[in-house]
Amino acid sequence: MATDKHVEHLVSSEYKAGFVTDIDADTVPPGLNEDVIRVISAKKHEPDWLLEWRLNAYRHWLTMTEPTWAHVKFKPIDYQAISYYSAPKSKDDGPQSLDEVDPKLLETYEKLGIPLHERAALAGVAVDAVFDSVSVATTFKAKLGEAGVIFCSFSEAVHNHPDLVRQYLGTVVPHTDNFFASLNSAVFTDGSFVLVPKGVKCPMELSTYFRINALNTGQFERTLIVAEEGASVSYLEGCTAPMRDENQLHAAVVELVALDDAKIKYSTVQNWYPGDENGVGGIYNFVTKRGECRGVNSKISWTQVETGSAITWKYPGCVLLGDNSVGEFYSVALTNNYQQADTGTKMIHLGRNTKSTIVSKGISAGHGQQSYRGLVKVGKGAHGSRNYTRCDSLLIGDKCGAHTFPYMEVTNPTAVVEHEATTSKIGEDQLFYCRQRGIPEEDAVSMIVNGFCKDVFQELPMEFAVEAGKLLSVSLEGAVG
Amino acid sequence: MGQGTRLNAAISSLPGSRHDVVRTHRQRAARAFAARGLPTRRDEDWKYTDLSRLTAALGDNWWESSGQPEISAVDAGVIEGQAIPDLDAYRIVFTDGRFDHGESEFPEGVTIRPLADLLESEPEQALEPLELDEAAPLYNGFVALNAAMATDGLCVCIKDGVTLDKPLYILHLAGPSGQVAHIRHAISLGSNAEVAVIEHFSGISDGTGLTNTMTNIRLGQGARLSHYRLQQEPESRFHIGRVEVEQARDSYYASHSIALGAALSRTDIRVNLNGEGAECLLNGLYVTGGRQHADHHTRIDHAVPNCTSREIYKGILDGRSRAVFNGKVVVHKNAQLTDAQQSNGNLLLSARAEIDTKPELEIYADDVKCAHGATIGQLDEDQVFYLRTRGLSEADARNVLTFAFAGDVLARMPHIAVRKFLERVVLGKLPQGAVLEDIV
């Protein structure tokens with residue numbers, strides 16, 4: 001079949017964001033022990049309570065074993081071979097504006113097609129760009145400051161708003177939560193902190209571009225977003241990474257807190273280096289993301305487009321504590337070549353009349369393995385709670401796999417929980433219809449896949465939706481089964 | 001006495017153990033059991049089923065049958081009371097896990113041998129159904145224990161092209177003393193053979209006890225088997241059941257698995273679709289109340305192209321009962337053109353009942369049609385209201401709707417006498433359901 005050639009063509013197409021920016025990084029030697037944690041903490045001039053918290057997490061981590069239940073296979077990770085801290089040297093100069101930012105960094109973003117200033121100016125997006133582990137450029141501070149919104153790097157937050165950080169840090173994902181979250185709690189280097197005060201609607205979309213750069217540096221970001229009573233915020237997270245041969249561990253933690261009537265929308269486009277066509281290299285993306293709807297009528301919405309990483313292992317979840325709170329999860333995950341993804345969500349219904357919606361679209365091509373793993377749990381007190389889950393998988397090629405592991409635990413008779421899942425390949429008749437209308441096969445596949453993902457894309461903020469569509473086409477064009 | 005010594009002592013008095021082959025086989029299985037032990041909640045397949053109730057009720061030696069049962073201790077009148085009424089079938093009775101010669105009749109044209117006899121007289125041949133595959137999916141300590149301790153069972157062999165005129169009705173009774181029974185059946189159908197097998201588990205005592213039963217089924221090319229499995233044990237007992245099915249080309253297997261009784265029951269059904277064109281239907285219903293716990297795990301392996309599987313399980317939960325459903329469909333690498341559908345519906349009637357359901361798909365082929373769905377909910381208030389406007393009392397209206405929910409599972413059973421019997425039993429389990437018997 002001619003389509004095999006297409007697959008080959010696709011498989012051999014190079015990762016378009018693959019390059020390494022040569023910046024002098026201030027890196028701690030590989031290895032993990034209490035001293036390393038002390039060094040990280042000292043370098044960041046952290047208060048004692050935070051160091052103590054990190055050490056507690058580390059001590060707990062030592063008692064844990066790496067989980068093995070996920071439907072993924074990879075070589076064991078040597079945690080002593082990872083360097084746990086890396087910061088661009090130029091941070092000492094303290095760039096005050098874009099002009100002062102290391103031009104090489106800006107060049108990096110240029111190559112990726114994310115011109116920082118242009119994007120900031122045209123799209124009105126404040127970008128807190130994390131280059132490796134330390135934030136180097138933050139824009140639109142003033143405008144956000146006017147509205148009272150705090151949007152800064154995690155380290156800044158620790159210095160400028162220690163009480164707030166202390167109040168919320170680890171309350172959604174405790175330092176004992178799971179193996180990778182504990183590791184993150186011990187060694188996290190930076191991340192973002194957002195606080196939207198009472199009654200404020202954040203005037204712009206907040207965005208952070210994470211980028212893994214220095215060789216052998218695992219990234220351990222920690223993001224904390226708090227929306228106070230009646231506040232609302234939309235946060236975008238996007239990722240690309242330069243080409244590498246060695247696997248890099250990425251174990252981030254994201255905590256969201258929504259108080260009464262607050263709304264948080266968290267969108268991710270993840271396009272880290274997936275490894276080459278033989279499955280060599282690529283990022284290990286083991287992330288803990290959780291939101292807590294603490295207040296009544298609060299809402300947390302996760303949207304993710306996962307096209308990168310060799311292994312993705314993440315379950316953004318919502319704990320629906322407040323009455324009438326709403327949790328949403330929209331996901332598109334694509335695995336190609338030897339990529340593996342075990343992803344899904346957890347919706348924990350505890351308050352009355354809580355609602356959750358899960359829409360998951362998985363696309364598997366090449367030797368890709370893809371699993372949806374989700375939990376919907378309805379507690380005794382969650383009267384009238386409602387869940388709707390839909391997860392569809394699209395298979396392209398006969399060597400890939402798509403799996404579904406939905407857990408439903410219901411202890412309340414007034415709850416309604418529904419789960420639906422289908423698995424199919426791209427319809428021959430759909431393709432045929434497009435072809436006989438003169439649409440080339442590649443474009444037809446792209447159209448069909450985009451249509452398959454439409455439910456999720458329309459949840460993304462506009463500029464992200466465009467990027468997501470492009471990403472999908474780059475990763476998939478022509479891969480017809 | 002340690003468990004190992006105790007197991008060996010128990011084995012020496014079991015059927016066939018005077019033969020070396022049988023004894024070593026049993027001892028090997030006993031070691032496998034000792035190594036594995038009881039499943040715990042740390043095992044993913046037993047995440048929701050806590051067996052501490054079993055050991056609490058039956059003690060440390062919960063697996064041990066207490067000596068020789070009194071054969072035919074159950075008189076014919078009692079058996080009539082337990083059996084499905086108006087059922088025209090070849091009836092075979094097991095009391096406390098032992099074949100009851102006095103109460104059984106065998107059809108002609110098929111070979112049916114009680115396992116205990118076979119173990120005594122032709123040990124080599126008898127070992128085949130006792131084989132232990134520790135690598136099998138859903139393998140657990142009970143499987144090994146069953147291979148070590150099986151007291152009896154049926155070895156049924158239906159020759160090519162034979163269609164049995166009446167169903168085989170295998171009635172398992174827990175006797176008055178309430179015992180531990182390890183039963184192993186092996187049913188094999190030659191090509192184009194056809195039969196219905198009804199396995200019925202019931203009991204006449206309030207005594208606590210355990211039934212650990214395993215049924216191996218082999219279907220030849222084009223063979224058709226309807227397999228009814230009615231678990232209606234007293235609510236003081238524990239039931240662990242396992243069915244393994246191997247299907248050849250164009251064969252058809254229908255499982256109708258109904259769990260109504262036992263304090264704690266666990267049913268594992270594994271179907272391997274090994275020949276193209278094979279088809280299976282797993283039809284199931286669980287109705288629980290009080291503090292009952294019912295767990296169903298099924299796994300369907302599509303190993304070759306062009307097979308079809310359908311799975312429909314429904315559950316009605318009342319009181320403080322808990323039910324677990326886990327249905328897994330695995331489509332292997334070359335199993336193109338697979339058509340697999342699975343659904344699980346649950347009705348929670350009480351605020352203290354709990355359902356844990358997990359319908360799984362594992363798919364390694366691309367040209368497939370696979371879907372699954374699961375729902376958990378309660379009766380539609382509009383429907384209740386409609387019936388009330390038609391003059392039904394609140395309780396009757398709810399019962400009618402609850403019964404209708406289960407009705408489609410029962411309607412899928414082709415055998416009328418079985419269906420009628422189950423309709424009455426299910427109605428009896430509903431609160432004041434007896435009132436409805438005249439309507440249905």
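## Talking through a two-chain model

Mentor: Let's begin where the chains meet: in this predicted model, the contact takes 31 residues from chain B and 32 residues from chain A.

Trainee: Nice. Which elements give two or more residues to the side of chain B that touches chain A?

Mentor: Those are two strands of chain B, β18 (354–363) and β19 (369–377).

Trainee: And which one gives the most?

Mentor: That would be β18(B), with 10 residues on the side of chain B that touches chain A.

Trainee: How do the residues on that side divide into nonpolar, polar and charged?

Mentor: On the side of chain B that touches chain A, you'll find 15 nonpolar, seven polar and nine charged residues.

Trainee: Can you give me one pair to find on screen? What is the bridge partner of Met408(A) in β18(B)?

Mentor: Go to Thr357(B), which is the partner of Met408(A).

Trainee: Switching topic: how many helices and strands does chain A have?

Mentor: Chain A has 13 helices and 24 strands. Of its 481 residues, 55% are buried.

Trainee: What about its contacts along the sequence?

Mentor: Take the contacts in chain A between residues at least 6 apart in sequence: 84% of them join residues at least 24 apart.

Trainee: Then the core. How many residues are in the largest nonpolar one, and which have the most contacts inside it?

Mentor: The largest nonpolar core has 231 residues. Those with the most contacts inside it are Val194(A), Ala227(A) and Val233(A) from chain A, plus Leu168(B) and Val331(B) from chain B. Helix α7 of chain B, residues 141–149, gives the most to this core, with seven residues.

Trainee: I'm curious about Ala227(A). What does it touch?

Mentor: Setting aside residues up to four places away in sequence, Ala227(A) touches several residues, including Val196(A), Val233(A), Leu259(A) and Ile264(A).

Trainee: One more alanine, Ala397(B). Where is it found, and is it buried or exposed?

Mentor: Ala397(B) is in helix α9 of chain B, residues 394–411. It counts as buried because it has 20 C-beta neighbours inside 10 Å, and 20 or more is what the cut-off asks for.

Trainee: Which residues is Ala397(B) in contact with, beyond its neighbours within four places in sequence?

Mentor: Those are Val384(B), Leu387(B), Arg388(B) and Leu392(B). As for Ala294(B), 103 residues away along the chain, its C-alpha atom is separated from that of Ala397(B) by 26 Å.

Note on methods
Residues are numbered from 1 along each chain as its sequence is written. Chains are lettered from A and ligands numbered from 1 in the order in which they are written. This is a predicted model: local features need pLDDT of at least 70, side-chain atom pairs count only at pLDDT 80 or more; totals for chains, interfaces and linings use all residues. Helices (H or I, at least four residues) and strands (E, at least two) are DSSP runs, numbered from the N terminus. A residue is buried if 20 or more other C-beta atoms lie within 10 Å of its own, exposed if 12 or fewer, and partly exposed in between; C-beta atoms are placed from the backbone. Two residues are in contact if their C-beta atoms, placed from the backbone, lie within 7 Å. A nonpolar core is a set of buried Ala, Val, Leu, Ile, Met, Phe, Trp, Tyr and Cys residues joined through C-beta atoms within 7 Å. Ala, Val, Leu, Ile, Met, Phe, Trp, Tyr, Cys and Pro count as nonpolar, Asp, Glu, Lys and Arg as charged, and the others, Gly among them, as polar. Two strands pair if DSSP finds at least two bridges between them.
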